[in-house]
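Hi,

Here is the structure for you to look at. My notes follow below it.

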Amino acid sequence: RLRSRSPARKTINQSINPFTNKQYSNKYRKLREEREKLPIFDALPQFDKMFNKNQVVILQGETGSGKTTQIPQYILEKGYAKGKLVACTQPRRVAAMSVAKRVAEEMDVELGQQVGYSIRFEECAGPNTLLKYLTDGMLLREAMTDPTLDKYGVIILDEAHERTLSTDILFGLLKEVLQKRKDLKVVVMSATLDTEKFLGYFKNAPLLTVPGRLYPVELFYTEFPEEDYLWATVRTVMQIHAFEEPGDILVFLTGEEEIESTCDSIRKEAARYKDNVGKLSVIPLYSSLPPAMQQKIFEPAPEVNSNGIPGRKCILSTNIAETSLTIDGIVFVIDSGLSKQKCYNPRMRVESLLVSPISRASAKQRAGRAGRTRPGKCYRLYTEKSYKRELVESTAPEILRSNLANVVLQLKILGIENLVDFDFIDPPSPETMMRALETLHYLRALDDEGELTEEGRLMSEFPLDPELSKLLIISPKYSCGEEMLNLVAMLTSPNPFLRPRDHEDAADKAKSKFVNKDGDHITLINAYQGFENEGRQPYWCSKNFLNPRTMRGAAEIRDQLVVKMNKLDIPIISNKHNISENIRKCIISGFFMQVVHKEKANFYMTLKEKQHVALHPSTGVMRPDWAVYHEYVLTSKKYIRIVSSINPEWLIEIAPQYFDLSHFPDTNGKKLLQEIIDGKNTQK
Ligand code: ADP
Ligand code: MG
């Protein structure tokens, strides 16, 4: 036979890349050799058989076995998408970008051409794209305009064990789409966790397990609970670096700020050792890091120093490195035992990110990162007793810990009318569902019959929570379009205000230029406007103690929002007259459910839930009687963060549907609101 049957064989044997019709580069050949050593490689024939016989296949394999990088490529090379696209979802933006880049290299094509990615506020794909890595949230968005996801021939739900909210919803959606589209195939990929759940959900799907290579990992616990786990981290890194054999270090911490500050501390410590120890390259990894910086984790460790001691890489990461990204060469893992986790209290209606203890399943995954290439060591910065007694076996899926307003809105757009019948893999509590419907009704996204309104449709167009979309949609009414764009971009970004240790005063002084006594929202707007007025200069940011990366990110988000506003024909109108009042009124249109009244001196209470809260120390407002807030922060104390003062009359004027006081518990706040309503009635 002259023609080879499968394009895959052709790619192996010939020197022309069928995707580009160009000669393969040498780099391609080198990467090809590496790929063939991955555990997944030997399982491909078996995968092929299963894939061809079934509509859904479940694939489980140890992290780093090659699932994410190899399976989509294999499907593509075999032509199994039949002229349509292959999608591979990732819960994390960083993973989607980084893996797409890697796979483009492996396929010897340019990123954004045959292989691309799509994440919120950034699309790097085009008409030539055949394989797209995208966040699960983005695929869900695509489903809103294309409910049967018609342009895809194969959809791979990766990192399914993470059980993110969007992946869970995609499970339910795809189950329906699979009925309608017999040509569609789905692959569910997961680390070796929780696979029974998926088998029970997709009843006839076969399971393929890729055996991993995992070397033994020696575990160390602290003898007593650590009081300062960041300092313990620095100490442990330095001990490993000074006394242990070569091998890179991976540290699990909770977020950007502490990762950056701990990186600094480690660098300072390492500098004191001079050439008595090897070179140490300290690298942060978290989701808001720009792509070029993310790539650093894959660079080789520094070379030997002048004393002939080999160098070492030390990566400080959030959960991203737990299963989404595999970094070769890690031999030592330091586990703080913590991560930032979402939690939702339906009664409070607020979702918060809380630094919480991880599960035992996570702790095992983290430890496993040390044993990929040879036996490793894992230092747990907690006691063995707390591992056994205080950590839960596994974390509840995100859907049980989330505010579902956004999801319910999306499902409505997808035409799923009866949410009770939706096939959730783990159904959320009825209370959470009710709260979501209620919230959407108060926001006027749903009418009294529970049908979508025009406003609801507009809200769903923005990749934002409905409260935030509402601010943009309603901004023409209050002539504050530019301001709301600034605000929403800033609220969608991490905290931009830097306050480095030993420079607190200078930082506070810099911030004071932006501070507005009416509210922190306006402070954010001012900071952004300053950035814009100075031509978006990073230098200006640093001078003003604003995080330049955050500001640039916010600018990119803002640009995207402007495009969306134009597309939806929402005029961007701004008028400086009465602007502070108008801004705050506009904010109330979306956030009337997040209002507090000062019941006593510095003793605030939320109106409907009767929760005591305190103003966060970062706030710039002077203890107003009434306030709207953006965030509820639960630490040792209950705080509200990003707070603006308001006039209670605005509440009655803007959100009468919500302030039906017969449903409110008795508080002084309620009494005052009642007086306002009564006053209005007698005036009539
Ligand atoms: P899995 O999905 O099973 O966890 P992956 O396909 O992500 O495995 O990883 C397979 C291999 O590819 C790993 O050895 C990993 O280190 C490597 N790899 C993935 N992305 C990159 C990258 N951007 N640079 C270098 N190596 C990478
Ligand atoms: Mg993977």
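The shell around ligand 1 holds three nonpolar, 10 polar and four charged residues. Here Ala, Val, Leu, Ile, Met, Phe, Trp, Tyr, Cys and Pro count as nonpolar; Asp, Glu, Lys and Arg count as charged; the others, Gly among them, count as polar. The shell has 17 residues, and K67, T68, T69, R102 and F298 come nearest to ligand 1. A residue is near a molecule if its C-beta atom, placed from the backbone, lies within 6 Å of it. Helix 4 (67-77) and helix 5 (93-106) each supply at least two residues of this shell. Helices are DSSP runs (H or I, at least four residues), numbered from the N terminus.

This is a predicted model: local features need pLDDT of at least 70, side-chain atom pairs count only at pLDDT 80 or more, and totals for chains, interfaces and linings use all residues. Residues are numbered from 1 along each chain as its sequence is written, while chains are lettered from A and ligands numbered from 1 in the order in which they are written.

Now confidence. The chain averages a pLDDT (the predictor's confidence in each residue, from 0 to 100) of 93, and 98% of the residues score at least 70. Over residues 1-6, pLDDT is below 50. The model scores ipTM 0.99 and pTM 0.91.

Last, P548. P548 is found in helix 23 (residues 548-567). P548 and P538 are 10 residues apart in sequence, yet 5.1 Å apart in space, C-alpha to C-alpha.

Best wishes

Definitions and conventions
Contact = placed C-beta atoms within 7 Å.
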